[in-house]
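Here are my notes on the model you sent over. Have it open beside you while you go through the points.

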Amino acid sequence: MKRRNALAAGGALVVGTALTETLENWLVPARPPSAPRRGALGESDLERIEAGVAVLRRWDDRWRLGIGRKAVVAQLSEVAELAGGMQPAAVQPRLFLAMAELSRIVASMSYDEGDHPNAQKYYTLSLRAAHQAGPGYELYGVGVLADMARQMLDLHRPQDALEISRLALDGARARRAPAPMMSMLYTREGWAYARMGRVQAYRRTVAQAEELLDGDTSESLPEWARTIDHAELSGVVGARYRDLAQGQEDPAAKRKNAEEAVHHITRALRLRPAEQRRNQAFDLIGLGRTYLLLGEPVEAARAVRDAVAVAGGLGSGRVRRRLHDWHREAAPFHREPVVAELRAELSRTLLAKSQT
């Protein structure tokens, strides 16, 4: 379980059958330890580690506190060394969960920076740690699979994303995952269908996700199982309707899906807590890109300018990449003054940073 051994496979991104075959191993239950373990790590030490993970868990807090990837990797190395030793039976599973969370955080930061090979390796390490944590934490690994499916979607590999999503859904059903987690997994599956242009399959999975979340009555989920709420669901669904609109040639179908996207993204913005700045930025950029599809460049520029105001201090690579998408898609409207002004401003500021 040492980090240097877990990441020794090299720097290439793994895709296709080689990836999904590897991931299937992590859904097989881990063997329980053969004997009680003894170690020096006590409850107070473990609580200190868990408190540090809680601070790092939320993306906006990481940026607000000026925490970089190297700092999280250093914390992960410390926890990995402790997990590799003989610790008390009551401590060991929680220590592995902390390792899984730290690995997932490093993976998400690598993913945001566009470093996909390292992101994939740390996601894999997170799966291994969650697997070692034991039966009480198997669903954490299912959540990591959902992250890996999202990564494949960002890499324009919807078939890989679909295979991973189905693998995650199988694991979630077998372990009776809570409704919010099942809902989130259906959005991943639907996202893949949208990228493939499979409209009816997308609508079916979205309906399943919405039904699960509407019927959820659970209140005492662990933090890592609270994977989606109505704001996030609306944002994801809206963005995928935009994907469908982009891929359709029929003007009526394109407009219908774009209008659906505006409806859902606007609802997401209304429901988002104020502290979720990065998600708000994604919603606003998605709204701006959708207004371009509707032939409303002034509204598109207004939404994206709001996104820039929200995301200014986040330093998120994914936000910059979405702004670059809008910048490219807005080129046909360059004669519109507000669009031309915003495109020029983005070229001088946020988009220029992504090229340095």
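Is Arg176 buried or exposed? With a relative accessible area of 77%, Arg176 is exposed; the cut-offs are under 20% for buried, over 50% for exposed and partly exposed in between, using a 1.4 Å probe and protein chains only.

1. Ground rules. This is a predicted model, so local features need pLDDT of at least 70 and side-chain atom pairs count only at pLDDT 80 or more, while totals for chains, interfaces and linings use all residues. Residues are numbered from 1 along each chain as its sequence is written, and side-chain values use heavy atoms, with hydrogens and water left out.

2. Overall make-up. The protein chain has 18 helices and zero strands. Both kinds of element are DSSP runs numbered from the N terminus, helices being H or I with at least four residues and strands E with at least two. Of the chain's 356 residues, 51% count as buried. Its accessible surface comes to about 16500 Å², and carbon and sulfur atoms hold 51% of that; the areas come from the Shrake-Rupley method with a 1.4 Å probe, and for residues only the protein chains shown count as cover.

3. Contacts along the chain. Take the contacts (heavy atoms within 4.5 Å) with a separation of 6 or more in the protein chain: 72% of them are between residues 24 or more positions apart.

4. Two loop residues with positive phi. Back to Arg176, which sits in the loop between H9 and helix H10 (179-196). Its phi is near 55°, a positive value in a residue other than glycine. His156 also has a positive phi, near 60°, and is not a glycine either. You'll find His156 in the loop between helix H8 (138-154) and H9, and at 65% relative accessibility it counts as exposed. Why flag these? Most residues other than glycine have a negative phi.

5. H10 against H11. H10 packs with helix H11 (residues 199-214) at an angle of about 165°, with the axes 8 Å apart. That makes H10 roughly antiparallel to H11; angles over 145 degrees count as roughly antiparallel, under 35 as roughly parallel, 65 to 115 as roughly perpendicular and the rest as oblique. The axes are lines fitted to C-alpha atoms, for helices over the stretch in contact, and the angles run from 0 to 180 degrees between N-to-C directions. The crossing of H10 and H11 is left-handed, as it is when the near helix is turned anticlockwise from the far one by less than a right angle (clockwise would be right-handed). Among the residues making the contact are Tyr186 and Tyr193 of H10 and Tyr202 and Leu212 of H11. By class, there are 11 nonpolar, five polar and two charged residues; Ala, Val, Leu, Ile, Met, Phe, Trp, Tyr, Cys and Pro count as nonpolar, Asp, Glu, Lys and Arg as charged, and the others, Gly among them, as polar.

6. H13 against H14. Helix H13 (residues 251-271) and helix H14 (residues 277-293) have axes that come within 9 Å and cross at roughly 155°. H13 is thus roughly antiparallel to H14, and passes it in a left-handed crossing. The contact includes Val262, Ile265 and Leu269 from H13, and Leu284 and Leu287 from H14. It divides into 10 nonpolar, four polar and two charged residues.

7. H14 against H15. What does H14 meet in H15? Residues including Leu284, Leu287 and Tyr291 of H14 meet a set in H15 that includes Val304, Ala307 and Val310. The axes of H14 and helix H15 (residues 297-311) come within 8 Å and cross at roughly 165°, so the two helices are roughly antiparallel to each other. H14 passes H15 in a left-handed crossing. This contact has 13 nonpolar, two polar and four charged residues.

8. Asp160 is found in helix H9 (residues 158-174) and counts as buried, at 8% relative accessibility. Leaving aside neighbours within four places in sequence, Asp160 is in contact with Val15, Gly16 and Met152.

9. Leu82. This residue lies in helix H5 (residues 69-83) and counts as partly exposed, at 24% relative accessibility. Beyond its neighbours within four places in sequence, Leu82 is in contact with Leu41, Ile49, Gln87 and Leu95. Leu82 and Leu41 are 41 residues apart along the chain, with their C-alpha atoms separated by 8.0 Å.
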